[in-house]
Amino acid sequence: MEEKAGTEKEPLLPGRTAGRGHPPRGTFGASDCHDPAAFCTVQDAAGADHDLYINQAVVFIEDAIQYRSINHRVDSKSLWLYRWYYSKICQWVLSLTITLILALAFIETPSSLTITSDIRYRGTAWEPSCGLTESIELICFLVFIADVSVKSYLIGWEEFRKTKWLLAYILILVVSLIDWTVSLSFYCTETVRIRRILRPFFLLQNSSMMKKTLKCVNSTLPEMASVVLLLAVHLCLFTMFGMLLFARSKDKQQDKEWVGYFHNLPDSLTSLLVLLTTANNPDVMIPAYSKNRAYSIFFILFTVLGNLFLMNLLTAIIYNQFRGYLLKSVQSSLLRRRLGIRAAFEVLCSLKQGPVSTNELCVNANTLLQVLQKVEMDSCCKQAILRTVRSCPHGILSAALFQKLFDELDKDPVKQHPPKPEYQSPFLQKVQFAFGHHYFGYLGNIVALANIVSICVILVMDADKQLSERDDYFLGAINCFFILYYLLEMLLKILAMGFKRYLSYPSNRFDGLLTLILLVLEISTFAVYGFPHPGWRPEMMGLLSLWDMVRLVNMLIVFRFLRIIPNMKFMALVASTLLDLVKNLRAFAGLLVVVFYAFAMTGIVLFKGAVVPMGNMSVVSATSGNSTLKCGTYEQLEYWPNNFDDFAAAVVTLWDVMVVNNWQVFLDAFSRYSSPWSKVYFVAWWLISSVIWVNLFVALLLENFIHKWDRHSHRQSLSEIEYQTTVELMFRDVLEEPTEEELMEKLHQHPHLQLCR
């Protein structure tokens with residue numbers, strides 16, 4: 001590693017040229033300001049130094065835009081490497097590499113390349129030869145090695161030692177390479193491959209928002225632990241009560257509850273844990289309830305205390321901690337942005353010719369214009385900043401004005417709709433007024449509703465008819481009429497609004513696209529089967545039968561009915577919240593991918609080949625001397641496709657358990673097929689996915705909706721301007737601006753720059 005990483009050959013604000021009476025280059029500091037009241041200047045900032053300062057300012061502004069840390073090397077070569085590393089092509093290659101190494105799970109042994117995962121019907125899957133997927137893995141590892149090397153070099157040795165994520169990155173790569181070497185040594189015949197379970201780390205470390213979310217979960221664990229402990233006490237106490245209440249008796253008819261659910265301690269705990277999720281309610285209660293109605297009090301009391309109180313209390317704690325920690329994370333992101341902008345200002349101040357007072361630092365507007373031309377940022381935001389800079393009086397920018405310029409980055413991204421066309425003809429003006437009015441949209445919604453109702457009526461009438469008895473004449477004629485109306489409506493709207501304004505509305509794009517698809521399908525139907533007439537029969541001609549074509553058209557018509565959402569105030573609010581949620585869901589979806597991947601790989605190691613078809617079973621007590629299967633078991637419900645024999649099947653199985661509907665079937669089946677300790681795996685998955693991740697999702701949903709509702713209450717109309725929400729903008733109103741002292745203190749702590757003041 002390098003020596004004295006904090007010293008740069010070309011520091012941010014280098015000192016005067018080394019010579020008699022001057023310190024050497026790279027030691028520019030407070031000693032250069034000989035008189036406290038004197039001015040601290042840079043005598044010559046021309047040539048290479050001028051380009052260096054410009055590039056430093058460009059990088060700092062780009063760091064601010066992306067909320068990146070500025071604690072990296074700032075010499076000319078490092079700046080070039082830094083911008084190259086964060087270029088679109090490099091980040092695209094890195095993202096592609098992460099996607100590729102994660103996707104290997106679908107094709108490597110055990111391969112998921114079969115039509116079905118049902119062990120009764122699954123054919124022999126294609127298995128890659130030894131060395132094929134390992135070669136792809138090696139290429140991915142080389143990319144990751146280059147990635148961690150560049151990151152480590154850019155931040156320097158001092159920062160590298162403090163960055164736990166980079167240290168973990170290197171450790172994961174070392175372990176993965178060792179495991180990869182072991183695989184080749186055994187000619188790919190080993191069953192346990194640790195590196196596969198570690199792969200999600202590469203996705204996790206590449207996303208700052210995922211890291212923040214993971215830290216949020218980590219900070220929530222102490223508060224969650226208290227509720228989980230209370231939940232465990234609640235579960236254990238009721239388990240003891242249940243085993244005493246439903247103890248074995250002499251009457252076998254009255255022992256159904258004991259036999260089915262409270263036979264021993266593990267079964268009792270499992271039964272009540274599943275009841276906590278209501279997955280086996282009321283099945284677990286029925287045997288005892290049929291004996292004595294008073295037994296229902298036990299189960300109702302357990303469900304009320306556990307499910308309604310403790311589980312919802314856990315949700316409240318996760319939401320509160322999530323909001324508090326995410327607010328802190330966004331506050332730190334704001335500090336990074338302000339720090340990047342201030343660092344750019346300090347750099348550009350050194351380009352000013354002549355002595356400048358430390359209390360009157362300023363930046364030349366032309367210099368900033370030169371910097372902004374090189375900065376990669378949103379074009380609309382850049383144009384707004386450029387307009388403000390060009391209109392700046394005297395061409396001088398103070399620190400406050402410089403910072404205010406970049407407040408444009410914190411504003412809501414807005415989308416202005418193009419203006420309507422201006423017609424000279426009085427007739428066209430009347431047409432524009434009539435068909436551009438919102439009442440015309442309401443009429444279209446009524447027609448769409450009438451279309452849906454007519455389809456429902458005809459489907460109800462034809463529900464019990466055989467295909468040979470069905471006459472599609474009326475449905476075909478009705479669809480033809482409505483599709484022609486939709487086409488006319490689209491054309492009239494384009495005439496009234498103009499083509500660009502029409503396309504600027506997402507609802508119009510959705511409506512128009514479906515109308516064109518419906519038109520193409522209708523023309524294809526006429527071309528193949530002719531115009532609707534009595535006795536239209538669904539005979540197969542070409543790719544789809546007439547009945548298939550009609551069904552496809554009807555499904556699109558039903559889907560098109562979603563166009564009513566923007567016209568209904570509160571429905572539009574909920575829909576926009578869901579859209580914003582999708583935009584901000586990448587970090588949470590990424591965390592879900594991480595836990596899904598790790599648990600799926602672990603499940604393959606633990607349970608691959610455990611489930612066997614009925615004909616090969618010798619350990620399953622699903623039958624009792626006859627061929628009758630016990631109701632509600634894995635075998636009776638035919639859950640054979642849910643297994644861990646390949647990665648795709650494992651993911652679907654984990655999804656089914658996360659939903660917790662009938663998850664007791666999986667607990668029972670895998671404890672019989674493999675080991676009773678398999679329940680630990682599934683309970684751990686339930687805690688992480690269903691309890692923690694789902695509650696985090698609920699927290700994000702609530703935060704988005706509350707934010708959207710508050711904004712909606714303060715804005716009268718969103719029809720002409722569409723506002724887009726990000727996680728940072730969500731908390732903007734409650735964030736605190738960092739002070740001047742905080743910013744300068746952080747800049748003075750920078751490991752690779754030294755400031756005079």
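A salt bridge is a side-chain nitrogen of Lys or Arg within 4 Å of a carboxyl oxygen of Asp or Glu. In the predicted model described here, the structure holds 22 salt bridges. A few of these pairs are followed below, after a brief look at the whole protein.

The protein has 757 residues, and buried residues make up 46% of them. Its secondary structure comes to 28 helices and four strands. Among the contacts with a separation of 6 or more, 74% are accounted for by residues 24 or more positions apart.

In one of them, the side chains of R122 and D645 meet at 3.0 Å, N to O. R122 belongs to the loop between α3 (88-103) and α4 (132-162), while D645 belongs to the loop between α23 (586-607) and α24 (647-659), so this pair ties together parts that are 523 residues apart in sequence. The two partners can also be described by their accessibility. R122 has a relative accessible area of 28% and is partly exposed, whereas D645, at 11% relative accessibility, counts as buried; the cut-off for buried is under 20%.

A second salt bridge brings together the side chains of E134 and R193, at 3.6 Å from N to O. Here E134 sits in helix α4 and R193 in the loop between α5 (164-185) and α6 (194-198), so the pair ties together parts that are 59 residues apart in sequence. Both E134 and R193 are buried.

The side chains of D147 and K151 meet at 3.7 Å, N to O. These two residues are four apart in helix α4, and therefore about one helical turn separates them. D147 is buried, with a relative accessible area of 4%, and K151 is buried as well, at 16%. S152 is another residue of helix α4. With a relative accessibility of 12%, S152 counts as buried. Leaving aside residues up to four places away in sequence, S152 touches F160 and L166.

Salt bridges can also join into a network. In this structure, such a network links E108, E137, D179, R195, R196 and R199.

Attention now turns to how two of the helices pack. Two packed helices are described by the angle between their axes and the distance between the axes. Helix α17 (residues 438-461) packs with helix α18 (residues 473-497) at an angle of about 165 degrees, and their axes are 11 Å apart. Angles over 145 degrees count as roughly antiparallel, and α17 and α18 are therefore roughly antiparallel to each other. The crossing in which α17 passes α18 is left-handed. On the α17 side, the contact is made by F440, L443, G444, V447, A448, A450, N451, S454, I455 and I458. From α18 come F474, L475, I478, N479, F482, Y485, Y486, E489, L492 and K493. Sorted by class, this contact of α17 with α18 has 14 nonpolar, four polar and two charged residues.

Some details of the backbone are also worth a look. A cis peptide bond joins T109 and P110, with omega at about 0 degrees. P110 is found in the loop between α3 and α4, and R122, from the salt bridge with D645, lies in the loop between α3 and α4 as well. The peptide bond from N281 to P282 is cis too, and its omega is near 5 degrees. In this case the proline, P282, lies in the loop between α10 (265-276) and α11 (286-291).

Positive phi values provide another point of interest. Y67 is not a glycine, yet its phi is positive, at about 60 degrees. This residue is placed in the loop between α1 (48-65) and α2 (76-85). C188, also not a glycine, has a positive phi of about 60 degrees. The loop between α5 and α6 is the place of C188, and R193, the salt-bridge partner of E134, lies in the loop between α5 and α6 too. At 17% relative accessibility, C188 counts as buried.

Definitions and conventions
Residues are numbered from 1 along each chain as its sequence is written. This is a predicted model: local features need pLDDT of at least 70, side-chain atom pairs count only at pLDDT 80 or more; totals for chains, interfaces and linings use all residues. Side-chain values use heavy atoms; hydrogens and water are left out. Buried means under 20% relative accessible area, exposed over 50%, partly exposed in between (1.4 Å probe, protein chains only). Axes are lines fitted to C-alpha atoms, for helices over the stretch in contact, and angles run from 0 to 180 degrees between N-to-C directions. Angles under 35 degrees count as roughly parallel, over 145 as roughly antiparallel, 65 to 115 as roughly perpendicular and the rest as oblique. A crossing is left-handed if the near helix is turned anticlockwise from the far one by less than a right angle, and right-handed if clockwise. Contact means heavy atoms within 4.5 Å. Ala, Val, Leu, Ile, Met, Phe, Trp, Tyr, Cys and Pro count as nonpolar, Asp, Glu, Lys and Arg as charged, and the others, Gly among them, as polar.
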